[in-house]
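Visitor: I have a model on screen and want to learn to read its fold. Where do we begin?

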Amino acid sequence: MANVSQGQNWGISAGNDQYYLKNGWVTREGQCNWYINIIGFIPNHGSGYTIAIYSYNNTMNGGIAKVEQISRLIADMLK
């Protein structure tokens, strides 16, 4: 979870400079709606936290934008 390929560097990484993450995405055959999920750990300079975000009924880009927005909000609250 510490070595993330550039194409999957999204989600909780949006609100933090240190992170360990695992992204997931899937759609059902014949549908255009995506399930976009992410789980990870944010060290937060010694005040670490675990985060999991599960979403559904998204476009791929819309789902990524949602989890990144939530990630930024949480990071700002925990500063």
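Guide: Begin with how an angle is read. Axes are lines fitted to C-alpha atoms, and angles run from 0 to 180 degrees between N-to-C directions. Note too that this model is predicted.

Visitor: At about what angle does helix α1 run to β3, and which strands does helix α1 lie across?

Guide: Helix α1 covers residues 60-77 and runs at about 150 degrees to β3. This helix lies across β1, β2 and β3.

Visitor: In what order do the three strands form the sheet?

Guide: The order is β1-β2-β3, in an open sheet with antiparallel pairing. The edge strands are β1 (20-27) and β3 (49-58), each pairing on one side only. From one strand to the next, the twist averages 10 degrees.

Visitor: How many bridges join β1 to β2, and how many join β2 to β3?

Guide: Eight bridges join β1 to β2. Strand β2 (residues 34-42) is joined to β3 by eight bridges. Take Phe41 as a landmark. Phe41, in β2, is the bridge partner of Tyr20. Phe41 also stands opposite Thr50 in β3.

Visitor: What about side chains along a strand?

Guide: In a regular strand, side chains alternate between the two faces of the sheet.

Visitor: Which residue has a positive phi in the turn between β1 and β2?

Guide: That is Gly30, with a phi of about 85 degrees. The hairpin of β1 and β2 has six residues between the strands.

Visitor: And which residue takes a positive phi in the hairpin of β2 and β3?

Guide: Asn44, near 50 degrees. This hairpin has six residues between the strands.

Notes:
Residues numbered from 1 in each chain as written. Predicted model: local features only at pLDDT ≥ 70, side-chain atom pairs only at ≥ 80, totals over all residues. Heavy atoms only, no water. Pairing = 2+ DSSP bridges. Helix = DSSP H or I, 4+ residues; strand = E, 2+ residues; numbered from the N terminus. Contact = heavy atoms within 4.5 Å.
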